[in-house]
Amino acid sequence: MAATSCTKCIPGSYSNTTGQEKCLLCEAGSSTNGKNESESCSSCSLGYSATNSGTGNCTACPAGYFADNFGTKDCTPCSAGAYTDTNATITCSNCSAGSYSDQGAAICNLCGPGNFSSSPGLVPVMSVPQDRALGALSGGQQTVPSVYRGQ
């Protein structure tokens with residue numbers, strides 16, 4: 001007995017020729033954008049990824065991660081000393097002087113008392129040298145530059 005109807009391809013799969021016996025899965029890094037009956041898959045947009053094949057929709061990279069290429073399979077974590085606080089971003093920003101972050105961070109943390117980060121994106125936080133500790137005086141003046149004070 002011959003089939004009387006065709007089965008629609010579900011999101012994440014497609015059929016690009018007539019008379020195809022089964023639907024094909026979208027490759028990792030692409031999707032059907034949630035559509036049924038697709039004839040092809042589309043690469044994930046910048047800031048989005050699809051880790052597995054057969055994905056119906058690409059997923060926004062979470063805060064702390066980015067995707068700077070179309071068709072990304074896995075979002076890339078921001079490197080230590082950088083961050084992104086929003087989803088679906090294509091780049092990370094360096095932490096400002098006086099702050100730091102670990103890899104994959106959504107925020108930068110301020111350096112604690114007695115520690116500093118002298119340049120944007122610098123890792124790790126360093127201790128203030130003993131001869132420049134807060135309260136050290138030289139001729140009645142503090143010798144600690146503002147970067148050591150976390151300002």
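How far apart are the sulfur atoms of Cys 9 and Cys 23? Select these two residues in the predicted model: they form a disulfide, with their sulfur atoms 2.0 Å apart. The torsion about the S-S bond is -95°, and the link is left-handed. Cys 9 is buried, at 6% relative accessible area, whereas Cys 23 is partly exposed, at 28%.

Next, select Cys 26 and Cys 41, a disulfide with 1.9 Å between the sulfur atoms. Cys 26 is found in the loop between S2 and strand S3 (30–31), and Cys 41 in the loop between S3 and strand S4 (42–43). Cys 26 is buried, with a relative accessible area of 0%; Cys 41 is partly exposed, with 24%.

Proceed to Cys 95 and Cys 108, whose sulfur atoms are 2.0 Å apart in a disulfide. The torsion about their S-S bond is about -85°, so this disulfide is left-handed. Cys 95 is buried, at 1% relative accessible area, while Cys 108 is partly exposed, at 23%.

Now display every cysteine. The structure holds six disulfides, and the bonded cysteines, counted along the chain, pair as 1-2, 3-4, 5-6, 7-8, 9-10, 11-12.

Finally, select Cys 6, which is in no disulfide; the nearest cysteine sulfur, that of Cys 9, is 9.7 Å away. Cys 6 is exposed, at 76% relative accessibility. Cys 111 is likewise in no disulfide, and the nearest cysteine sulfur, that of Cys 95, is 9.2 Å away. Cys 111 is buried, with a relative accessible area of 11%.

Notes
Residues are numbered from 1 along each chain as its sequence is written. This is a predicted model: local features need pLDDT of at least 70, side-chain atom pairs count only at pLDDT 80 or more; totals for chains, interfaces and linings use all residues. Side-chain values use heavy atoms; hydrogens and water are left out. A disulfide is a pair of cysteine sulfur atoms within 2.5 Å. Buried means under 20% relative accessible area, exposed over 50%, partly exposed in between (1.4 Å probe, protein chains only). Helices (H or I, at least four residues) and strands (E, at least two) are DSSP runs, numbered from the N terminus.
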